[in-house]
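Okay, thanks for having me, everyone.

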Amino acid sequence: MDSTMRTETNCETPTPPGPPAIEFTGVSAGFGRKPVLRGLDLMVGKGEVFALLGANGAGKTTTINILTTLLRPDSGRVRVSGVDVLEHPDEARRCFAVTGQSAAVDHCLSTAENLMLLARLSGLSRREAKARTVQLAERLSLGSFIDARVGTLSGGMRRRLDLALSLVVPVDVLILDEPTTGLDTRSRRELWAEVSQLSSEGTTVFLTTQYLEEADALADRIGLLHDGRLAGLGTPHELKARVGEDTVAVRDRDGNALAEVPTDGTVRGISAVLGSLDPDYAEAAVTLHRPSLDDVFLSFTSNDEVRPRQKPVG
Amino acid sequence: MTMHPYSPDPRTSRLSTPTPTPSAVTDALRRSRPRGLDVEAVFIGRSLRHAVRDVESLLMSIALPVILMLMFTFVFGGAIDPGGDYVNYVVPGIILTCAGFGASSTALSVANDMTSGFIDRLRTMPVRASAVITGHVAASLAKNLFATAIVIVVAVLIGFRPTATWGEWFAVIALIALYILAITYLFAAIGLAAKSAESANGYGFILLFLPYVSSAFVPVDTMPDWLIWFADNQPVTPIIDALRSLLVGTEMNGSGIAAVAWCTVILAVAVGWAARLFTSRAGRR
Ligand SMILES: Nc1ncnc2c1ncn2[C@@H]1O[C@H](COP(=O)(O)OP(=O)(O)OP(=O)(O)O)[C@@H](O)[C@H]1O
Ligand SMILES: [Mg+2]
């Protein structure tokens, strides 16, 4: 990990090259007199994977509802692929596909019939739709329950179908609200692979998640939504660097912390730290601790004025 | 440390866009809109599947009116009309009760689609999302006409002797269809208005009582004065009178025009109300 990255902590990440796929400008929205978004500014570049994080009730789903034309904001502007969502909702709807937070599938129909329905609604002919259904079922391993009535499926299977429905036709922007909640490890990995693949083909992916390792693994950039605005924005790497530095932790056999010393993470830095330790600690265990996205999340979404920083102890 | 500790496994990353060119970075991918009335066709197909698969409610919408008819004819019939001719009187009322009952399930279907997020998904697509209502209404119309036909067959079996000509039969079917259409649309609007599927069912229930306070089962002039006023001026009475006149040749007395007018008004109000609800309820589950 090079130390030059470390010094960039004071500037926001510059917007990625290329025309923005998603643009929020000064978006405010609320329910009744309760504000949820307060002047949200956000730009997602083409082909980027962007993860929006935030506590429960922070407004992630509200943001997605605005983006997908379900909710009109009180003020501000939103564009998808350059199309104004508020002025030309029907044109904007042609640019994205979305899977919402709760499964929106037809329980009376089978998996195949659900896929067929969505394909037909996406403008495919009956024959194209049939071909696409077969293709999707195979590629997303829905085969084992392709003819089962959706009402008889498990929650995770239903969710996988729900996600497949947003992949029926290729679009510029794929929007996923907590896509992997309720999925088993294999399905989750498959979805991650899917998202990476689509992203490498140029699809922009905008997702929310409560699994920080997911954001870490998938996202090019992360935005932390707090108090109606982005409280933090950057690559996972940058954000971690901003909440704290690497530390060398020394523990005894029972796991009690004996010392925690900040370091720059280089071989030289760590050797220096180790050399300066009390010789009594020679038998103790040493680990290098790096701020995790958990630390980032807790730090950026806390209401305290003073953000928690790791401090050396011992 | 790499930025993406998770690199996609080539064996699992199998889904690519169906276009043959892998580098789709260049052009905007916009989905096309379905052509013409494709959307309506798709949703009618969907709702018909629902209707056929929900065997319980299909059976109920046939069995209930049949039981009602048997009960009115054989249990109350003797007391109401000792001549044994009551079945000829009661059939139009049973048909409307049957239609109302069958149509009320539309409220449930629509409310389900609202709360499940299905309609919200449609609203994020470049399609006429309101066509989902058209689908439910069309399927309900088909289902209820079928149920009505069975009710009439059973009625004939237990002694119903209509005197209608072909032309009058045609008018009967048209009027019943118009009534089913109007009331189904009304139930669809109720389904949109309701906060949950359960309450949709509850609101709908109130409407099902209208036939009882009309000329459906007993002549209006046997009721107390204040009820006569209501029974005379509510939509079900002229529709019943018109059907009865067409089927067994009682006096029409302008009830035909009143019936068509009522149905048209209900339909227009329901369509307008549903359209307003459909747009105003977006994203507010
Ligand atoms: N239909 C609604 N009516 C009133 N308030 C709402 C409605 N939908 C959301 N809210 C409120 O808006 C706020 C943001 O909700 P939102 O669903 O966007 O949160 P979220 O970030 O998606 O949370 P989660 O992580 O739990 O999904 C919450 O305080 C919620 O109570
Ligand atoms: Mg949410």
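**Salt bridges, then the ligand**

Let's start with a pair: Asp90(A) and Arg93(A) bring their side chains together in a salt bridge, 3.1 Å from N to O. By salt bridge I mean a side-chain nitrogen of Lys or Arg within 4 Å of a carboxyl oxygen of Asp or Glu. Before I go on, this is a predicted model: local features need pLDDT of at least 70, side-chain atom pairs count only at pLDDT 80 or more, and totals for chains, interfaces and linings use all residues. Residues are numbered from 1 along each chain as its sequence is written, chains are lettered from A and ligands numbered from 1 in the order in which they are written, and side-chain values use heavy atoms, with hydrogens and water left out.

Back to our pair. Asp90(A) is partly exposed at 29% relative accessible area, while Arg93(A), at 16%, counts as buried. The cut-offs: buried is under 20% relative accessible area, exposed is over 50%, and partly exposed is in between, using a 1.4 Å probe and protein chains only.

Next one: Lys240(A) and Asp216(A) also form a salt bridge, 3.1 Å from N to O. Lys240(A) sits in helix α9 (residues 236-243) of chain A and Asp216(A) in helix α8 (residues 212-218) of chain A, so this pair ties together parts 24 residues apart in sequence. Helices here are DSSP runs (H or I, at least four residues), strands are E runs of at least two, and both are numbered from the N terminus. Lys240(A) counts as buried at 10%, and so does Asp216(A) at 17%. Salt bridges that share partners also make one network out of Asp90(A), Glu91(A), Arg93(A), Arg94(A), Arg30(B) and Arg33(B).

What about Arg221(A) and Glu48(A), how far apart are their closest N and O atoms? They're 2.4 Å apart, in a salt bridge. Arg221(A) lies in strand β9 (residues 221-226) of chain A and Glu48(A) in the loop between β2 and β3 (49-54) of chain A, so the pair ties together parts 173 residues apart in sequence. Both Arg221(A) and Glu48(A) are buried.

Now the ligand. Ligand 1 has 14 residues around it, the closest being Lys34(A), Gly57(A), Lys60(A), Thr61(A) and Thr62(A); a residue counts if one of its heavy atoms lies within 4 Å. The largest share of the shell, three residues, comes from α2(A).
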